[in-house]
Amino acid sequence: QKRVWLFRDGDKSMRDLLGGKGANLAEMTNIGLPVPPGFTITTEVCTDYYAEGRKLPAGLLEEMKAALADVEKQLGKTFGDVKNPLLLSVRSGAKFSMPGMMDTVLNLGLNDAIVEEYVKVADPRFVYDSYRRFIMMLSDVAFSDKFDHITKHDFEHKFYDLKARLGVKEDLEVPAESLKELCAEYQAHVLKQTGSPFPQDPIAQLTAAVEAVFRSWNNERAFIYRRKEKIDDSIGTAVNVQAMVFGNQGDDCGTGVAFTRNASTGENVIFGEYLMNAQGEDVVAGVRTPMPISELQKANPEIYKQFEDTCAILEKHYKDMQDIEFTIEHGKFFILQCRSGKRTGPAAVKIAVDHVKEGLITKEEAIARVEPNLLTQCLLPVIPANAKYKVIAKGLPAGPGAATGIAVFSSDKAAELGKGGAGQRVILVRADTNPDDLKGMLAAQGVLTERGGMTSHAALVARGFGIPTVAGCSEIAVSETSFIVHATGQVIKEGDFISLNGAAGEVIEGQVPVEEAKMTGDFGEFLGWADEFRGKFGVRANSDTPADTELAIKLGAEGIGLCRTEHMFFEGERRPVVQRMILAKNDAERQKALDDLLVFQREDFKGIFEALGGRPATIRLIDPPLHEFLPHAGEVAAELRELLNRGATGATVAEKATLLAAIESMHEINPMMGLRGVRLSIYMPQIVEMQTRAILEGAAAVIKAGGQAVPEIMIPLVGHVNELKFVKDRLEATAQKVVAEQGVEIPYQFGTMIEVPRGALTADEIAVEASFFSFGTNDLTQMTFGFSRDDSDKFLRPYVEHKILPGDPFESIDQTGVGELMKIAIAKGRSVRPDIKLGICGEHGGEPTSVQFCYKIGLNYVSCSPYRVPIARLAAAQAAL
Ligand code: ADP
Ligand code: MG
Ligand code: MG
């Protein structure tokens, strides 16, 4: 097995073995770009290194020496030679780019003897500058995990002190003599800290650097980065050993980084920064302020031309926007790295569309290339790419987008000061949210909660309405009037400005500029292509209001996959009527309240059908336990006590006492498994009879006015066919009555949600009674795992950390378990009713890998929050390709 590959022997397909950097260095070498020669030690050696107890495998050194001899021959220089030394860079490079996470050593091969001769033939300042960099880098990389005070920081401190002694600010102002002294000081430091002199043997330096790069695979930041990016810990890094080119040899030298197109807007202009007379990380480290690449064009048009040509060649070759690193040595341009550049959502779309128009890629390739989740960034207000800001805490990125406003700590305050009120920009900050907070959330620019996960109420609503939200932010403690940041003790009070970056889960101090995003031409065109590819596979939206429905259709929804009727019960004037209905002492009283609600609901549905313009709407009958519509027992008890303390008597006291007794009597130990869903409809059938009537009367009104309405009435939480049959038979009777009264044809259907494992397992029985299934994967996941979805943010974190689960099953469908139940239900359902309509309406319906899974197992459509519709359209297209 070949363990060491010369650049000219590899190519870009060999990322597994050579790492991304090594594979691309090989590819660029072979297409004739100016890459300094070198070789790559494979990722397999990294695995062996760890398997052998952190030792380089036997025979590797001989292979490295053979490759080194080849490089020496190409350049006419010799590694370790005092007269004409070959110097090397030793660089990490895993299969997936992990920028800056692992280690690099530059100028390797220098020692005291070589430096002494080298200064006679080369610029002494350059020689000592290279040497001091090398001593620092090798020590930092190779010794700092065993010894204290040998990190880059310790050396930089000494450099800083030197500059202070000399009274200069810039690195470039330090003369050669002083750099020489610094090298000596560095070596003395190494001796003092490690007990051994800095290694002088070039081969010993090389093996130390190679080992160090392998060890850097498991340094803390690389480890954390892999967690975040879900990169496998076992794949290891390759090591690239490459001849140095020098950007620090004078004013006709330099180094820089660039993107072949603008990574934040996608504009077709080269975007980059560089520094003259500099090396390595000077550009990104911020010691000197780099110059925009456009300056290079003015200062040195000849080099700029080489640079521009290389960018063009790379884009043509890789057919994608590239992120490149380069160095200029005495007016000659060298390329040191290229990779597909990270980019924002709008940039990803624009670049993909432009590349199709330039004939570089096909529409299929364009569709395959864009990560669906990036599309959210195309829809929401964003922080401009160049903005600087201070993050004070991090939580879950529950609702993307950026928002700035003053912190408020109650929904009432938000409603009073925010949208619809005084019109200020407010951020609603809550320990957690409940349905009561809806008005506050809608009035706010953004929402921050201490508790709650990605499927918490706050997160659901936030995604539905496109409200930037950071949820489950356990780094803060929220009280009634302020919140405190645990780490720093910083206190944010009502009226203080804060900002949220929902896409990253960041809580930001003060104000940041926020830009409104638009549906651009490129975006529309791109999604049009996605629709061509996904064909008949549908995308619907979860929507409860006409306004949301209009928005969803604008974003491409082909109907409503889930209308949660109870959301309508929470709104303003309906709340007291709903409470009256729940607390009714007898059927007659209850019916009266329901008659009042009917008026509201009929209008709701009429509005939704109008907005749908003939597209279908799956409307779910009441689902949550009734206590959710009532105040908390504790609150009412407190009010009652207060009344009694004030010596109140009579009707008000009696009324409160009755209310409290009623609430207490409805108390359930485990309400999510209690009186809700179809069970509630069996226990108290009047509510769903009213809802069925409201739906069909709303539909009839639209049809009579010349429109179309396609209601699909959905009964939730069914586990046994007889539950469904019991409720459906009654509602069918109501439906027929309404149709007869109205005297119009209404194409209604009854179906059910599959969200209880028993329902999935007996789907053949259930399909006899249901003309459609919609998978409620939030509940189905909750009940399949036995995980409470409202509390899971607490206990699932370690699950993901320790790889007990590959990810949060509420975020992406658990394909092996929950997915298996879905497959069973699909097969059984179709066996009885071949044309049964199958969809999904859980939050998973807008999550790309789950959408692809749904496509694969044969659902007819997915349904998701309006703002996720474009994501689902793209994910479905990718599944279809
Ligand atoms: P990272 O993964 O952190 O980007 P690299 O291996 O790309 O690490 O190295 C960091 C920097 O070191 C490069 O951007 C480049 O400026 C410099 N460098 C690496 N190899 C060489 C080389 N052969 N000649 C000159 N500079 C180099
Ligand atoms: Mg790099
Ligand atoms: Mg449910």
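In which helix does Glu 532 lie?

## Glu 532 and the model

Glu 532 lies in helix H18, which spans residues 521-534; helices (H or I, at least four residues) and strands (E, at least two) are DSSP runs numbered from the N terminus. With 13 C-beta neighbours inside 10 Å, Glu 532 counts as partly exposed. On this scale, a residue is buried if 20 or more other C-beta atoms, placed from the backbone, lie within 10 Å of its own, exposed if 12 or fewer, and partly exposed in between. From Glu 532 to Pro 301 the separation is 231 residues in sequence and 45 Å in space, C-alpha to C-alpha.

The model is predicted: local features need pLDDT of at least 70, and side-chain atom pairs count only at pLDDT 80 or more, while totals for chains, interfaces and linings use all residues. Residues are numbered from 1 along each chain as its sequence is written, and chains are lettered from A and ligands numbered from 1 in the order in which they are written.

## The surroundings of ligand 1

Ligand 1 is surrounded by 17 residues, of which Ser 89, Arg 91, Thr 104, Gly 280 and Glu 325 are the closest; a residue is near the ligand if its C-beta atom, placed from the backbone, lies within 6 Å of it. The shell comprises 6 nonpolar, 8 polar and 3 charged residues. Here Ala, Val, Leu, Ile, Met, Phe, Trp, Tyr, Cys and Pro count as nonpolar, Asp, Glu, Lys and Arg as charged, and the others, Gly among them, as polar.

At least two shell residues come from each of strands E5 (88-94), E6 (104-108), E11 (322-329) and E12 (332-340). Because domain 1 (4-243) and domain 2 (254-340) both contribute to the shell, ligand 1 lies between them; the domain bounds come from an automatic or database assignment.

## Strand E8 and its partners

Strand E8 (residues 254-259) is largely enclosed by the rest of the structure, because 5 of its 6 residues are buried. E8 runs antiparallel to strand E9 (residues 271-276), to which 6 bridges join it; strands pair if DSSP finds at least two bridges between them. In E9, Met 276 is the bridge partner of Gly 254.

E8 is also joined to E11 by 6 bridges, again antiparallel. There, Val 257 has Glu 325 of E11 as its bridge partner.

## The annotated active site

An unreviewed UniProt entry annotates His 457 and Cys 841 as "active site"; such positions follow the numbering used here, feature names are shortened, and annotations may be inferred rather than shown by experiment.

Cys 841 is placed in the loop between strand E30 (837-840) and helix H32 (848-856). With 28 C-beta neighbours inside 10 Å, Cys 841 counts as buried. Leaving aside residues up to four places away in sequence, Cys 841 touches Asn 542, Gly 561, Leu 562, Ser 774, Gly 776 and Ser 863, contact meaning C-beta atoms, placed from the backbone, within 7 Å.

Terms used: Contact = placed C-beta atoms within 7 Å.
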